[in-house]
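This report describes one protein model in plain terms. Look at the sequence and the structure below before reading on.

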Amino acid sequence: MLIAALPTAAGQARAYTRSALRSWRLDVLIDTAELLVSELVTNAVTATGAVTCPVRTGRRIKEPSIYLCLSAFAETLLIEVWDRSDDPPHRRTASDDDENGRGLLLVQALSKNWGYESLHSGGKIVWCECSILR
């Protein structure tokens, strides 16, 4: 799913995730998957350099974009988010007073595995896997 890298991206990604998991009959994973998608998409929007409104170039509107891909396998749900930044994701420890900085710690805690892959074509894919318990 192509998503404009705007502040509304996480909400759109959660709705897409909810719809996909319902159609795949993976309702038990919806809450966890929505949270993971929200964290990864929010990080991707930040890494892409989101704008508060699209940039008009001539007659066309140009928005930076990110991509979300969900794949269901026999025992695993794979969540992948691409952004155009070459910088690796940075997991940090947030203090009690910090409003941000816990996203990747949450991804690590809620997923079976996570990581990232830098792409020769530019950007990176940050991914995580969730176990499908049937």
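## Order of the elements

Read from the N terminus, the elements of the protein follow the order β-α-α-β-β-β-β-α-β-β. That gives 3 helices and 7 strands. Helices (H or I, at least four residues) and strands (E, at least two) are DSSP runs, numbered from the N terminus. The model is predicted: local features need pLDDT of at least 70, side-chain atom pairs count only at pLDDT 80 or more, and totals for chains, interfaces and linings use all residues. Residues are numbered from 1 along each chain as its sequence is written, and side-chain values use heavy atoms, with hydrogens and water left out.

## Surface and contacts

The accessible surface of the protein is about 8,300 Å², and 49% of this area belongs to carbon and sulfur atoms. Accessible areas come from the Shrake-Rupley method with a 1.4 Å probe; for residues, only the protein chains shown count as cover. Of the 134 residues in the protein, 38% are buried. Buried means under 20% relative accessible area, exposed means over 50%, and partly exposed lies in between (1.4 Å probe, protein chains only).

A contact means heavy atoms within 4.5 Å. Among the contacts in the protein with a separation of 6 or more, 60% are between residues 24 or more positions apart.

## Salt bridges

A salt bridge is a side-chain nitrogen of Lys or Arg within 4 Å of a carboxyl oxygen of Asp or Glu. The whole structure has 2 salt bridges. They are listed here.

| Salt bridge | N to O distance |
|---|---|
| Arg18 and Glu34 | 2.0 Å |
| Asp83 and Lys124 | 2.9 Å |

What does the pair of Asp83 and Lys124 tie together? Asp83 lies in strand 5 and Lys124 in strand 7 (residues 124-131), so the pair links parts that are 41 residues apart in sequence. Asp83 is buried, at 2% relative accessible area, and Lys124 is buried as well, at 3%.

The side chains of Arg18 and Glu34 meet in the other salt bridge. Arg18 belongs to helix 1 (residues 9-23) and Glu34 to helix 2 (residues 30-48), so this pair ties together parts that are 16 residues apart in sequence. Arg18 is partly exposed, with a relative accessible area of 28%, whereas Glu34 counts as buried at 12%.

## An aromatic pair

Rings of Phe, Tyr and Trp (its six-membered ring) pair if their centres lie within 6.5 Å; planes under 30 degrees apart count as stacked, over 60 as edge-to-face and the rest as tilted. By this rule there is 1 aromatic pair. Tyr67 and Trp82 form this tilted pair, with 5.2 Å from centre to centre and 55 degrees between the planes. Tyr67 lies in strand 4 (residues 65-72) and Trp82 in strand 5 (residues 76-83), so the pair joins parts that are 15 residues apart in sequence. Tyr67 is partly exposed, with a relative accessible area of 41%.

## Ala72

Ala72 also lies in strand 4. At 39% relative accessibility, Ala72 counts as partly exposed. Which residues does Ala72 contact, leaving aside its neighbours within four places in sequence? They are Trp24, Leu26 and Leu77. The C-alpha atoms of Ala72 and Ala20 are separated by 9.7 Å, and these residues are 52 residues apart along the chain.
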